[in-house]
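Please open the structure in a viewer and keep the selection tool at hand.

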Amino acid sequence: GLQVRLNSSSLCAGRVQVLFEGQWGHVCSHSWDLRDAEVLCQQLGCGAAVSAPHLLRSQNASEDRVLSRVHCLGNETELGQCRAGPLGAKDCQHQWDASVICAESRKLKLETAASGCCGRVNVYYRGQWGTICWNRFELKEAHVVCRQAGCGEAQSLLAMNIPINDVPIWLDRVRCSGNESSLWECASDPWGHHACDLNMNVHIVCKAALNFALQNGNTPCAGRVQLKTTSMTFTFHDTHINNEVANVLCKEVGCGSISVVRTDAYFGKVALPVWQPPVDCKGNESSFWTCNAELLPAQQWMPSESDFAGIVCSDHREPRIADGEEPCSGRVELQFGDQWGTVCDSDWDLQDASVVCRQLQCGEAVAIPGGARYGEGRGPVWDKRLDCQGNESTVFECPVSTKKGTNCSHRNDASVICSGPGGPRLVGGESRWSGRVEVLRGALWGSVCDRYLDLQTADVICRHLQCGGAASIPRGAPYGAGISPLWKDRFQCSGSEGRLGDCPLSWHQEDCDQGHVASVVCSVPLCFPDADWLVRLRGTDSRCEGRLEVFWNGSWGRVLDSQWDLQDASTVCTNLNCGHALLASNSTEYGHGDGPVVLTAVECTGHEPALHNCTLTLSSGPDNTSGGVGVRCSEHWRVHLAGGGSQCAGRVEVYHDGAWGSVCDDLWDLADASVVCRQLGCGQALKATGSAEFGEGSGPVWLDDVTCGGNETTLWECPRASWKRRNCGHKEDAGAVCSEHKELRLVSAEYDCAGRLEVLYNGTWGSVCSNGMESFTVALVCRQLQCGDSGSLQDGEQFETGSGPKWLDMVKCRGHESVLWQCPAAPWGRNECQDPEEAEIRCARPRLRLVGPDGRCSGMVEVCHRGVWGTVCDDSWDLQDARVVCRELGCGSALSAPQGAQWGEGSGTVWLDEVSCRGTERALLECRSSPPGSHDCTHKEDAAVVCTGTGSEAINTVQ
């Protein structure tokens, strides 16, 4: 006979299909009626027909209808006995398929407003939805329901007295083994027979239905409590979460027990509905759903701005770096649960440090000093140790073990020195002192083009990584090209910087292929922690002159040697790639230094490659003697441009013999300026200036009658008058303007911080197109011009159209740049924009300032909120908070964080209280604090800050 089936997940409802030539095809609905459906339902054993729907086919469905014009009388036993058109004729003239709904058609669903995988169990039978009675209904029956609903296993079963009306009770006393694929396979009383009422319906929570998560707490074990269902996400009101509920939630998310409940939106605010049903837990329940937690539909109401509940569980752990000279070096502190403590240095290794640096966006781990290098911490010294592999993203991912029998005190607090937010690191070499140069941009490491890397920059990279100076910069990608992107960043280091991030940076458009990735070999054979010895010179602007310091046993220290001589100094110069020694001093000429005394005697022949190859005497203990030894090497020449607003324009100044001096403009021309521009990485010379156009310098006039050919690599290679033939004063100081000199401005006749955006490039002012410009770019422009931290892109031509070239288009800053020309953009001068698309920006005013008599970098802290300036309370105010303020204002490092209104009492509102910064935040308003305006302070508690800067080194408007 004719084989039939229904194309549906239900056995007794769906589109009708028949088998023809080994393939299933649909039936055309032409003349299809209830008598045809009655015969089919009886044939399928599905009882009587409820209806015979005509279902519209999908427009994309292929024509597979193989039977049409079916006509049954109603007394047939199978569809094949009815009259019909030829089988396989495919002559249907419309887009409707025959289908049936039989009385025995059964469906199942879980019904609640919160999810499709939890709620009252409803079944569909004889064309109507009804419920199941809870008599004998246990977890094994619930497992079958959840699997049938596609929701995994059952989490919990709730028999709830929630009355409903006008709904049949279809099943009672259901008995399953737990392995069935559908509830219909289980034994039960006959369908429609029951011994219960509508107050006894079954509710189930499946594991796929409701998932708790803790958000915005840096780990999965701390944060704002959120419940995600299959249809929406809920938050919890402060009044819903007490310690007992929180303890169950910590177990629910696999995070141990509760450490602390946080209220008042401690973990931030979010626009989500609030879970309304009451929750009552004793604290020892294994699941939230075994508490008295009703599954009523949640009302869609929003909490106030301070009512979001959060928790911190015992398994939460995160790191911070404290009390260093900068945010990415210092004492390591770990938070377990809600308590901060320190780590014993004997349990601390480079793999652990690498994860901490990575998590805090501080680049790579460079060193791991022990012995409380950055001072003794507070709180417990943890008896737990991290067992990181070094490739984890966060400390939370590292295994934790408990130590046995180790007695550690705060004198053994571990520390870390990271490479910093931008790197660098050396990759692909045989050791950490050689490899392909990579720097970090956001969260992505990338290579640098070797065309942009000179020996001065390589020196800084090696010094940054505490690997001495640069021995070589091999070309041709000897350490491989890698798979990381190739940044177009160009570092323009003088060679005296201590960290790569201190070097000026520009962004070039020239193409560079993977065969030109930069590589560096450093002079120290093995970097810390494999090597014991590193040397550096401090106390001057030159890396080749200064007070000798030695890195030993985890910290930098001084050298005391009454017999210090030129042979000893020559070895140091060789060690640093600074030529030979010109001077060996045994005095405080370069400052006293504040580190411990490491060496008390040094004896070199002058031919050793490094200081540790000499005969050395280690200090036998603490030595309070002041002083040290100094070195001046032959390669301590330096050149820079001063007074022009950027490193690529200004008065030419040369560093020689320990002092900066100027250059006389006698015979000074474009060829001489070209050498200076090229030496500084500033492109070509546009102008050679004289007559102190950039102001008169001070100090000696070092060079006169300079006559460069233009091809020299350094200014001091050019012919010049002898040192004794100098007949110039500072009124004749020479200067240069290079093609890479850039400035930024907003052009407006009315405003300082609003107008058409223009850039000076290659000696000409030109506009910037707004194509692709986003908020990151606008904010950077405002910060660079000292016009606040944010702004907006203006619509329409509100300001006068520019007359110069359109220099930049498709500028897309990524958020970590310090000047506009570091952002990715189309090549200079290439654009696809018209005059109406020139960028016009209006900046917002600053949100933070220091008020005091000594300039913009010290004084009482004031923040602007809702357009009104107010003060900050000194509760919890410390040096970490001050560091963030100084960094945000471009005022260097923090010297102190005075309390008690030492800089005078403010007026108006106390906006912030209980400020708690980690020290790595970019802005004070990123730190944790009480909600704005919520405090228990008076102005006698106004907080203040003293920074190292004066404000002159704050963000410049030019490069």
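Is C41 buried or exposed? Select C41 first: this cysteine is buried, with a relative accessible area of 0%. Please bear in mind throughout that the model is a predicted one.

**First stop: disulfides**

The angle about the S-S bond is -85°, and the link of C41 and C102 is left-handed. C41 belongs to helix α1 and C102 to strand β7, so that distant parts of the chain, 61 residues apart, are linked by this pair. C102 has a relative accessibility of 1%, and therefore counts as buried.

Next, select C28 and C92. Here too is a disulfide, and the sulfur atoms lie 2.0 Å apart. This link is right-handed, with 55° about the S-S bond. Because C28 sits in the loop between β3 (23-27) and α1 (34-44), and C92 in the loop between β6 (65-67) and β7 (96-102), the pair ties together parts that are 64 residues apart in sequence. Both C28 and C92 are buried.

Now move to C604 and C614. Their sulfur atoms are 2.1 Å apart and form a disulfide. The link of C604 and C614 is right-handed, with 110° about the S-S bond. Both cysteines lie in the loop between β40 (597-603) and β41 (615-618), so the pair ties together parts that are ten residues apart in sequence. C604 is buried, as is C614. The structure has a count of 27 disulfides.

**Second stop: aromatic rings**

The count of aromatic pairs is nine. To view one of them, select F336 and W382: the ring centres are 5.0 Å apart and the planes stand at 70°, so the pair is edge-to-face. F336 is in strand β22 (residues 329-336), while W382 is in the loop between β24 (365-367) and β25 (384-386); the pair links distant parts of the chain, 46 residues apart. F336 counts as buried at 10% relative accessibility, and W382 counts as buried at 10%.

K384 lies over the face of W382, at 5.4 Å from the ring centre. Another lysine over a ring can be found by selecting K107 and Y124: K107 lies over the face of Y124, at 5.0 Å from the ring centre. Then select Y761, W807 and W828, which ring pairs link into a cluster.

How many salt bridges does a search of the whole structure find? The search finds 32. Begin with R849 and E862, which form a salt bridge whose closest N and O atoms are 2.8 Å apart. R849 lies in strand β55 (residues 848-851) and E862 in strand β56 (residues 858-865), so parts that are 13 residues apart in sequence are tied together. R849 is partly exposed, at 35% relative accessibility, whereas E862 is buried at 9%.

Proceed to E838 and K806. In this salt bridge the closest N and O atoms are 3.9 Å apart. Because E838 lies in the loop between β53 (806-808) and β54 (840-843) and K806 in strand β53, the pair ties together parts that are 32 residues apart in sequence. Both E838 and K806 are buried.

Finally, select R15, R57, E63, D64, R65 and D97. These residues are linked in a network of salt bridges.

Notes
Residues are numbered from 1 along each chain as its sequence is written. This is a predicted model: local features need pLDDT of at least 70, side-chain atom pairs count only at pLDDT 80 or more; totals for chains, interfaces and linings use all residues. Side-chain values use heavy atoms; hydrogens and water are left out. A disulfide is a pair of cysteine sulfur atoms within 2.5 Å. Helices (H or I, at least four residues) and strands (E, at least two) are DSSP runs, numbered from the N terminus. Buried means under 20% relative accessible area, exposed over 50%, partly exposed in between (1.4 Å probe, protein chains only). Rings of Phe, Tyr and Trp (its six-membered ring) pair if their centres lie within 6.5 Å; planes under 30 degrees apart count as stacked, over 60 as edge-to-face and the rest as tilted. A charge sits over a ring if NZ of Lys or CZ of Arg is within 6 Å of the ring centre and within 35 degrees of the ring normal. A salt bridge is a side-chain nitrogen of Lys or Arg within 4 Å of a carboxyl oxygen of Asp or Glu.
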